[in-house]
Amino acid sequence: MKKVFDLSDEMLKENLKRSVEYKASEYFADDVMNRIFKQQVEGSYQLTWKERFLLKPSFRYALVGAFVLYPTLLRALV
Amino acid sequence: MDDFQIIQQVLGGNRSVYKELIIRHQKSLFGFLLGFGVRREIVEEIAQDVFAQAFFKLKTYDDNKSRFSTWLFTIAKNKALTVLKSAKNKNEILSAETEVSEVLTPLHQLEKNQNLIQINRALAQLPTEYRSTVILFYVNELSLKEISILEKCSEGTVKSRLFRAKEIMRKHLEKGLGYEKSV
């Protein structure tokens, strides 16, 4: 007997959802919050240059300043 | 309280309400990461990283551009790709293709779980960008537009990825598993 494999959207939705079902530990959210507070206290979260540019005004000013001053400095040297 | 209100409160200094966002989105995030091929044993660790990263980047979130969940998946996708790339031994990170959470007892359950295993195997055959598109569409139920924002491509590309992904899965199922016809 030929068997038909149903690959309809509904079947995919149902099966894929079941295949990625996961029951997290009940303390998961608390663990994340603890991790965040720990990183805040330690200052261990390292921002990328892009985040520093977006979040830290001082970094932004320094970067823009460097762009502005670079041609002036170059002219002064030459 | 909706996601945006919670975010405003967190940014305003009431950081403990972020826990509500975690509880609200953890299930879909786990689904996304597992669909990406991350092992169950390390999925919580990566999800913790994603939520922590999202917390520290919260100021950069723009609610006009996307829903919070879509933004979260963008971070998760980058994180998952980094973890998968940097893993020395891919088997430590990638999930077994045949993981099923239920016990095989009654006959119909057996057949259902066999389907699940086969679908998982077919999913594992997909290229990363196809796999994430399939998971975002079928599991996380994001719209084509939301997926196109997340994947940084057009809606047409998303549609074509879904179509091609289904074709690859169909071929895999027909070829390797003895099924002779797909719907």
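Analyst: What follows is an account of the salt bridges and their surroundings.

The model is predicted, so that local features need pLDDT of at least 70 and side-chain atom pairs count only at pLDDT 80 or more, while totals for chains, interfaces and linings use all residues. Residues are numbered from 1 along each chain as its sequence is written, chains are lettered from A and ligands numbered from 1 in the order in which they are written, and side-chain values use heavy atoms, with hydrogens and water left out.

Chain B contains 9 helices and 1 strand; helices (H or I, at least four residues) and strands (E, at least two) are DSSP runs numbered from the N terminus. Along the sequence their order is α-α-α-α-α-α-α-α-α-β. Of the 183 residues in chain B, 49% are buried, where buried means under 20% relative accessible area, exposed over 50% and partly exposed in between (1.4 Å probe, protein chains only).

Side chains of opposite charge can pair when their charged atoms come close. A salt bridge is a side-chain nitrogen of Lys or Arg within 4 Å of a carboxyl oxygen of Asp or Glu, and 11 salt bridges are counted over all chains.

One of them joins B:Glu151 and B:Lys77, with an N to O distance of 2.7 Å. This pair links distant parts of the chain, since B:Glu151 lies in helix α8 (residues 144-151) of chain B and B:Lys77 in helix α4 of chain B, 74 residues apart. Both B:Glu151 and B:Lys77 are buried. B:Ser132, in helix α7 (residues 128-139) of chain B, touches both partners as well as B:Phe32 and B:Phe36, not counting residues up to four places away in sequence; contact means heavy atoms within 4.5 Å. B:Ser132 counts as buried because its relative accessibility is 0%.

A second salt bridge is formed by B:Lys79 and B:Asp49, whose closest N and O atoms are 3.2 Å apart. Here too distant parts of the chain are linked: B:Lys79 is in helix α4 (residues 68-86) of chain B and B:Asp49 in helix α3 of chain B, 30 residues apart. B:Lys79 is partly exposed, at a relative accessible area of 21%, and B:Asp49 is also partly exposed, at 23%.

Because the two are 3 residues apart in helix α9 (residues 155-176) of chain B, about one helical turn separates them. B:Arg170 is buried, with a relative accessible area of 19%, whereas B:Glu167 is partly exposed, at 27%.
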